[in-house]
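Please read through the structure shown here, starting from one residue and then moving out to the whole chain.

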Amino acid sequence: MVAVLNYISTGIFGNIEIGVRINAIVLGLGVSWITFLLGKRMYSERVGFWSVMILQSMPMWWLASTFHMTDTALTFFWVLALYAIYRGIEEDKISFWVLAGLATALGIMSKLILILIFPFLVLYLIYSVKWSQQKKHFLIFLLISLVGFAPMLIWNWQNDFFTFRHLAALGG
């Protein structure tokens with residue numbers, strides 16, 4: 001995903017520093033804005049504001065929103081997916097679940113760790129007694145999200161499953 005975003009931004013701005021750094025800046029601002037919206041929707045505008053202030057006070061976040069890393073795109077798509085899921089559950093609208101699925105697919109393409117959203121979301125839906133009400137929406141979300149695996153699977157198929165072998169070696 002880093003390569004795709006850099007390809008787009010350098011195509012617009014040219015192969016200069018801002019062409020590469022603009023992704024981290026835009027995604028960092030996006031994470032802050034979505035964090036504010038989520039805090040505001042869940043609690044109050046004040047909670048949303050302080051959530052962003054706490055986020056912005058973290059040195060690691062400054063690094064991630066200054067240098068374009070896999071975690072920059074991952075964080076943006078993860079927060080967007082959480083916000084859309086929250087709205088989908090709260091308002092019982094399929095459009096938010098579709099947005100969450102697209103955000104999760106792009107997040108999975110950014111970094112595979114976003115796959116953990118699935119079991120934790122299922123646990124939350126069961127624990128909050130919303131599983132039966134949201135089951136169809138979750139399945140649509142899951143199918144759309146799995147599109148994020150397609151580029152990874154195709155590339156690995158073409159390259160003798162290099163990524164999977166690499167991760168297996170790292171995992172012992």
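S65 sits in the loop that links α4 (59–64) with α5 (70–91); helices here are DSSP runs of H or I with at least four residues, strands are runs of E with at least two, and both are numbered from the N terminus. The model is a predicted one, in which local features need pLDDT of at least 70 and side-chain atom pairs count only at pLDDT 80 or more, while totals for chains, interfaces and linings use all residues. Residues are numbered from 1 along each chain as its sequence is written, and side-chain values use heavy atoms, with hydrogens and water left out.

S65 has a relative accessible area of 12% and is therefore buried (under 20%; exposed is over 50% and partly exposed in between, with a 1.4 Å probe and protein chains only). Apart from neighbours within four places in sequence, S65 is in contact with A24, I25 and G28 (heavy atoms within 4.5 Å).

The protein chain as a whole has 10 helices and zero strands. Its radius of gyration is 17 Å, close to the 16 Å that the globule rule gives for 172 residues, so the chain is as compact as a globular protein of that length; the radius is taken over C-alpha atoms, and the rule is 2.2 Å times the number of residues to the power 0.38. The C-alpha trace spans about 45 × 40 × 35 Å along its principal axes.

Of the 172 residues in the protein chain, 37% are buried. Among contacts between residues at least 6 apart in sequence, 62% join residues at least 24 apart.
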